[in-house]
Amino acid sequence: MNEAENPALNKTDVSGSRFQSAYLNFWDIVKDIVDDEGWVYTKEAPHMLDAYFEGNTGKSIEFQKSFGKSGDNPHWLTKGSRWRPTELS
């Protein structure tokens with residue numbers, strides 16, 4: 001079976017990946033909502049998870065607000081702001 005017959009074959013599998021080691025003990029919380037670039041969207045995550053992540057792991061994050069310039073990905077804008085550990089940048 002190829003990607004044309006089954007689009008799920010083209011989806012990135014984030015389990016057991018570098019994402020899991022980047023998110024540490026928060027992996028169980030984000031594993032179902034992290035995208036294929038390691039972003040967690042605030043509308044899909046528990047409130048203030050980014051702050052808890054930084055405070056409890058000591059890791060810094062990259063944070064992007066949901067409002068942006070013309071040409072930004074509209075799918076991203078509808079899902080709220082997003083964040084990820086800086087090591088995934």
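Tutor: Two strands pair here if DSSP finds at least two bridges between them. Keep in mind that this is a predicted model.

Student: OK. What is the strand order in the open sheet?
Tutor: The order is β1-β3-β2, and the pairing is antiparallel. β1 (40–41) and β2 are the edge strands, each with a single partner, so one side of each has no neighbour in the sheet.

Student: Over how many bridges do β2 and β3 pair?
Tutor: They pair over 4 bridges, in the antiparallel sense. Gln-64 stands opposite Arg-82 in β3.

Student: Which ring does Arg-82 lie over?
Tutor: Trp-39. Arg-82 lies over the face of that ring, 4.1 Å from the ring centre.

Student: Switching to α3. Which of its residues are buried?
Tutor: Helix α3 spans residues 49–57, and its buried residues are Leu-49, Asp-50, Phe-53 and Thr-57. They cover an arc of only 105 degrees around the axis, which puts them on the same side of α3.

Student: And what sits on the face turned away from that side?
Tutor: The exposed residues Tyr-52 and Gly-55.

Student: What follows α3?
Tutor: Gly-58. Its phi is positive, near 75 degrees.

Student: Now aromatics. How many pairs are there?
Tutor: The count is 5 aromatic pairs. One of them is Tyr-23 with Trp-83, edge-to-face, at 5.8 Å centre to centre and 70 degrees between the planes. This pair links distant parts of the chain, with Tyr-23 in helix α1 and Trp-83 in strand β3, 60 residues apart.

Student: Are those two buried or exposed?
Tutor: Tyr-23 is buried, and so is Trp-83.

Student: What about Phe-26 and Phe-53: what is the geometry of that pair?
Tutor: Their ring centres are 5.4 Å apart and the planes are at 75 degrees, so this pair is edge-to-face. Phe-26 is in the loop between α1 and α2 and Phe-53 in helix α3, so the pair ties together parts 27 residues apart in sequence.

Student: Why does Phe-53 count as buried?
Tutor: Because its relative accessibility is 0%, and buried means under 20%. Phe-26 is buried too, with a relative accessible area of 7%.

Student: Which residues form the aromatic cluster?
Tutor: Tyr-23, Phe-26, Trp-27, Phe-53 and Trp-83 form one cluster.

Student: Last topic, charges. How many salt bridges does the search find?
Tutor: It finds 3 in the whole structure. One of them joins Glu-62 and Arg-84, with the closest N and O atoms 3.0 Å apart. Glu-62 is in strand β2 and Arg-84 in strand β3, so the pair ties together parts 22 residues apart in sequence. Glu-62 counts as partly exposed at 22% relative accessibility, while Arg-84 counts as buried at 10%.

Student: Where do Glu-87 and Lys-59 lie?
Tutor: Glu-87 is in the segment after β3 and Lys-59 in the loop between α3 and β2, so their pair ties together parts 28 residues apart in sequence. Their side chains meet in a salt bridge at 2.8 Å, N to O. Lys-59 is buried at 18%, and Glu-87 is partly exposed at 47%.

Student: And which residue does Asp-28 meet in a salt bridge?
Tutor: Lys-31, at 3.7 Å, N to O. Asp-28 counts as exposed at 58% relative accessibility, and Lys-31 as partly exposed at 36%.

Conventions: Residues are numbered from 1 along each chain as its sequence is written. This is a predicted model: local features need pLDDT of at least 70, side-chain atom pairs count only at pLDDT 80 or more; totals for chains, interfaces and linings use all residues. Side-chain values use heavy atoms; hydrogens and water are left out. Buried means under 20% relative accessible area, exposed over 50%, partly exposed in between (1.4 Å probe, protein chains only). Helices (H or I, at least four residues) and strands (E, at least two) are DSSP runs, numbered from the N terminus. The arc is that of the directions from the helix axis to the C-beta atoms. Rings of Phe, Tyr and Trp (its six-membered ring) pair if their centres lie within 6.5 Å; planes under 30 degrees apart count as stacked, over 60 as edge-to-face and the rest as tilted. A charge sits over a ring if NZ of Lys or CZ of Arg is within 6 Å of the ring centre and within 35 degrees of the ring normal. A salt bridge is a side-chain nitrogen of Lys or Arg within 4 Å of a carboxyl oxygen of Asp or Glu.
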